[in-house]
Amino acid sequence: MKIVGLSGSNVGSKTRTTMKYVSEKLTSQYPHVEWTFIDLADYSVQFSDGRNYLDYEGDTAYVTRTIMEADAIIIGTPIFQASIPATLKNVFDLLPINALQDKIVSFFVTAGTSKHFLIPETQLKPILSYMKAQTVSTYVFIQEKDFMNKEIINDDIIFRLDALVEDTVMLTDTYKRIREEKESMYDF
């Protein structure tokens, strides 16, 4: 099983801190998972210009192809100015419309205050639905006050992140098994 962690911003530390925790949890609890972490701060991704994702080269090709080859994606994104970052939206724009079909997608959001708690519902979920992702029903919303010295200090957030990782792996396994059973029914 291939799971990609996608940190959807090229600035800031809270999303990266949270993704580091998710990465450590996933790799220690589920050693059979092939985990790839993409921090958009580490890549020079071109702006989408309408080409097929296979026509891009360099970092853009690596990011898009890695996502396309994944069985599941865990997205971490900050909220800036009441919106998801352009860097994350650009990644979605680079991918084909059905890019997330048959993929489990879960996510967490970091924000300065609770004022932004509906942004994932109004911006991220519609994009994921449009791209045909099977989303984990609950996401984790993390505020500024949940961090101290680049560490998560809220036990409830830790508990919810642990559940997010577990749900992502379990749903990916379950959907894969269902698809295999369905396909075997039609093998003649």
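# Helix packing and selected residues

Trainee: Which residues of α3 are buried?
Mentor: The model is a predicted one, in which local features need pLDDT of at least 70, side-chain atom pairs count only at pLDDT 80 or more, and totals for chains, interfaces and linings use all residues. Residues are numbered from 1 along each chain as its sequence is written, and side-chain values use heavy atoms, with hydrogens and water left out. Buried means under 20% relative accessible area, exposed over 50%, and partly exposed in between, with a 1.4 Å probe and protein chains only. In α3 the buried residues are Leu-88, Asn-90, Val-91, Phe-92 and Leu-94.

Trainee: What covers the buried residues of α3?
Mentor: Helices (H or I, at least four residues) and strands (E, at least two) are DSSP runs, numbered from the N terminus. Contact means heavy atoms within 4.5 Å. The cover includes β1 (2–7), α2 (58–69), β3 and α4.

Trainee: Are α3 and α4 roughly parallel, roughly antiparallel, roughly perpendicular or oblique to each other?
Mentor: Axes are lines fitted to C-alpha atoms, for helices over the stretch in contact, and angles run from 0 to 180 degrees between N-to-C directions. The axes of α3 (residues 86–94) and α4 (residues 119–130) come within 11 Å and cross at roughly 15 degrees. Angles under 35 degrees count as roughly parallel, over 145 as roughly antiparallel, 65 to 115 as roughly perpendicular and the rest as oblique. The two helices are therefore roughly parallel.

Trainee: How many residues in the contact of α3 with α4 are charged?
Mentor: The contact is made by Leu-88, Lys-89 and Phe-92 of α3 and by Leu-124, Ile-127 and Leu-128 of α4. Ala, Val, Leu, Ile, Met, Phe, Trp, Tyr, Cys and Pro count as nonpolar, Asp, Glu, Lys and Arg as charged, and the others, Gly among them, as polar. The contact has 5 nonpolar residues and no polar ones, and the number charged is 1.

Trainee: Which residues does Asn-90 touch, not counting residues up to four places away in sequence?
Mentor: Asn-90 is found in helix α3. Asn-90 counts as buried because its relative accessible area is 8%. Its contacts are Val-45, Gln-46, Phe-47 and Ser-48.

Trainee: What is the distance between the end C-alpha atoms of α1?
Mentor: The expected span of a helix is 1.5 Å times one less than its number of residues. Helix α1 (residues 14–29) has 16 residues, so its span should be 22 Å. The end C-alpha atoms agree with that, being apart by 23 Å.

Trainee: What is the relative accessible area of Ala-82?
Mentor: Most residues other than glycine have a negative phi. Ala-82 is not a glycine, yet has a positive phi of about 60 degrees. Its place is in the loop between β3 (72–78) and α3. Ala-82 is partly exposed, with a value of 34%.

Trainee: Where does Lys-150 lie?
Mentor: Lys-150, also not a glycine, has a positive phi of about 60 degrees. Lys-150 is exposed, at 59% relative accessible area. Its place is the loop between β7 (147–148) and β8 (151–152).

Trainee: Which residues is Ile-157 in contact with, leaving aside its neighbours within four places in sequence?
Mentor: Ile-157 lies in helix α5 (residues 155–185). Because its relative accessibility is 3%, Ile-157 counts as buried. Its contacts are Val-140, Phe-141, Ile-142, Asp-146 and Ile-152.
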